[in-house]
Amino acid sequence: MRIIQKDKIIQYFENLYSNKAVYVWGMNGEIINEASINKTYNIYKTATYNRIYYDNKLKEGNGRIGADCSGCMYPVSGFDTTAQNYFNKCITTGNVSSIPRDKPCLVFKGKFSSSINHIGFYCGNGYVIEMKSSKENCVKNKLDGKGWKWYGIPSWIDYSDLESENIASNKIE
């Protein structure tokens, strides 16, 4: 398993936000281009996420990073899974009311801890960066009052101050 220093992960998410990453259902932090859109469409097409949806996302984000809420975690976590499974894999979890305010970690939405349906990254400074939706794309908002219910400390974040590896090759620079 990949373990990345917390400052590198914060930088990754800040770059997603500042470079206007685009929410694309099924993408995992790839560059949006015709080939990546066609591949994603062929895997994830549904009545909602149809050819028109993917063609519009290509027009909107060509050359930028594309990801959905859990897919944006792939470049830093090293594995592709759902928001629920990211929660399940955390070494510590709890209600967001008890989140360690100065510690970057994952935040989740879902009525119960067994029904997680959305994930974001808490930067440790009162703000969350998330791939919010197909309409809003990558956003940065305050943690409080935005519906975050749970937090989780993943095993792939190194909380020491030691130097560590760079994020995967699809890191936005």
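Tutor: Let us begin with Tyr-54, which counts as buried because its relative accessibility is 0%, where buried means under 20% relative accessible area, exposed over 50% and partly exposed in between, with a 1.4 Å probe and protein chains only. This is a predicted model, in which local features need pLDDT of at least 70, side-chain atom pairs count only at pLDDT 80 or more, and totals for chains, interfaces and linings use all residues. Residues are numbered from 1 along each chain as its sequence is written, and side-chain values use heavy atoms, with hydrogens and water left out.

Tyr-53, at 12% relative accessibility, is likewise counted as buried. Rings of Phe, Tyr and Trp (its six-membered ring) pair if their centres lie within 6.5 Å, and planes under 30 degrees apart count as stacked, over 60 as edge-to-face and the rest as tilted. By this rule there are ten aromatic pairs. In one of them, the ring centres of Tyr-53 and Tyr-54 are 4.9 Å apart and the planes meet at 85°, so this pair is edge-to-face.

Another edge-to-face pair joins Phe-87 and Phe-108, with 5.2 Å from centre to centre and 90° between the planes. This pair links distant parts of the chain, since Phe-87 sits in helix 5 (residues 83–89) and Phe-108 in strand 6 (residues 105–109), 21 residues apart; helices (H or I, at least four residues) and strands (E, at least two) are DSSP runs, numbered from the N terminus. Phe-87 counts as buried because its relative accessibility is 8%, and Phe-108 counts as buried at 0%.

Returning to the tyrosines, Tyr-53 and Tyr-54 belong to one aromatic cluster together with Trp-25, Tyr-41 and Tyr-49.
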